[in-house]
Amino acid sequence: YACGPTVYNYIHIGNARPLCIFDILRRYLEYRGYNVKFVQNFTDIDDKIIRRANEEHVDFSEISERYIKEFWTDADGLNVRHATINPKATENIDAIIQIISTLIEKGYAYEAQGDVYFSTEKFKDYGKLSHQPLEDLEAGARIMVGEPMDFAVWKAAKPGEPAWDSPWGKGRPGWHIECSAMNWRYLGDTIDIHCGGQDLIFPHHENEIAQSECFTGKPFAHYWMHNGYINIDNKKMSKSLGNGIDPLKVIDEFGADALRFMLATGNAPGNDMRYSDDKVKAARNFANKLWNASRFIMMNLPEDFQYHGLPEDLELEAETPLEWFRTWFIWAFGHIHEADAAGLQAQYPASFAAIDTVMDHHGTWEDAVDNGLCSLDKGSHYDFDLIAARDQIVSYIRENEEIWPFSYTLILRLN
């Protein structure tokens, strides 16, 4: 489950970071063979949505539907796959009311003049995600009453606001309870992974845990993953500050792959990232290298090629990609020619000489890759020809079609 946007405005690249990070996570899990059910919600009822609707003199649903449509324009532009389910909070009012009713019955929530609040002091593990005791946490509720840390799970109707019938009178759900309800309805009592931006750790995710675990009596999530902020001019990029950058403008200038690579690799995913055009340009260059390597592979694969992954009996404990390559190379040719390493070196002296030359200069090789291997030629200042070494190795792979099923990833690395 990944917390989705509150749809009252366009997203910016700070909002795009979790979209890309958790899209990559989902793709990776599927690549590893997992069957992934991915839920990402839309918060389509909220104070900010109501405020925007009142300013424009339209129904709140017109605002939310407008910006859900704009969200998909941005997500599709970023090549983000749609989640398995993209539920809206307003589609889950019944589940929300059921959870709140159970929390009241168990003594974890209480009604006060049409509002319903969760009693944080009743949940002894409150603060376990943010690793802070209850007394040290600042109040994070959007509506507060009674104890300072209690937060609203149901808000009594106000004039001019949308409202739904409930056992406590007309009203609408609080922000935190919406995600608890959608988690429970679509993924069950306990989910595997819960994702979101680090700004949601407290109070949103902390409150989700409290509500959900008191409701079900079971652990809420096995793993939590959070991405860091994107900063611009040393300030967090946010809609409220008005310093957001439109992802489509970045895509138009640099391409979607460049923005995705920058958002995924510009910093460790849990850390803040300082945005700059130079970072996007560097990411674009790296993306182009991968695309060029991929094209090289696809142009040279046999028509009937099928990739089955690396064989189980190939043990790779090398510290560098080049050592990894040499181990693989000996293994692959050994399987084809039933020869030991010494015999292979005698049979293919030029190829092994090329590998050994590269390994002897592995620091220079890494330099070359960083600076663009394709820019090197025989007139370069290096004391050996990297292009010739690379081509010598590749030529042996291309001559032996039996190697191809094991070399897909290798050629990508080498190129």
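**Exercise 1.** Is Cys 179 buried or exposed, and how many disulfides does a search of the whole structure find?

*Solution.* The model is predicted, so local features need pLDDT of at least 70 and side-chain atom pairs count only at pLDDT 80 or more, whereas totals for chains, interfaces and linings use all residues. Residues are numbered from 1 along each chain as its sequence is written, and side-chain values use heavy atoms, with hydrogens and water left out.

Step 1: Cys 179 has a relative accessible area of 2% and is buried, a term that means under 20% relative accessible area, with exposed being over 50% and partly exposed in between (1.4 Å probe, protein chains only).

Step 2: the closest cysteine sulfur to that of Cys 179 belongs to Cys 3 and is 4.0 Å away, too far for a bond, since a disulfide is a pair of cysteine sulfur atoms within 2.5 Å.

Step 3: the search of the whole structure finds zero disulfides. Cys 20 is buried as well, with a relative accessible area of 0%.

**Exercise 2.** Describe the open sheet that contains strand S7.

*Solution.* Step 1: three strands lie in the order S8-S7-S9 with mixed pairing, where strands are DSSP runs (E, at least two residues) numbered from the N terminus, and two of them pair if DSSP finds at least two bridges between them.

Step 2: the edge strands, each pairing on one side only, are S8 (235-236) and S9 (273-274).

Step 3: S7 (residues 230-232) runs parallel to S9 and is joined to S9 by two bridges, with Ile 230 standing opposite Met 273 in S9.

Definitions and conventions
Helix = DSSP H or I, 4+ residues; strand = E, 2+ residues; numbered from the N terminus.
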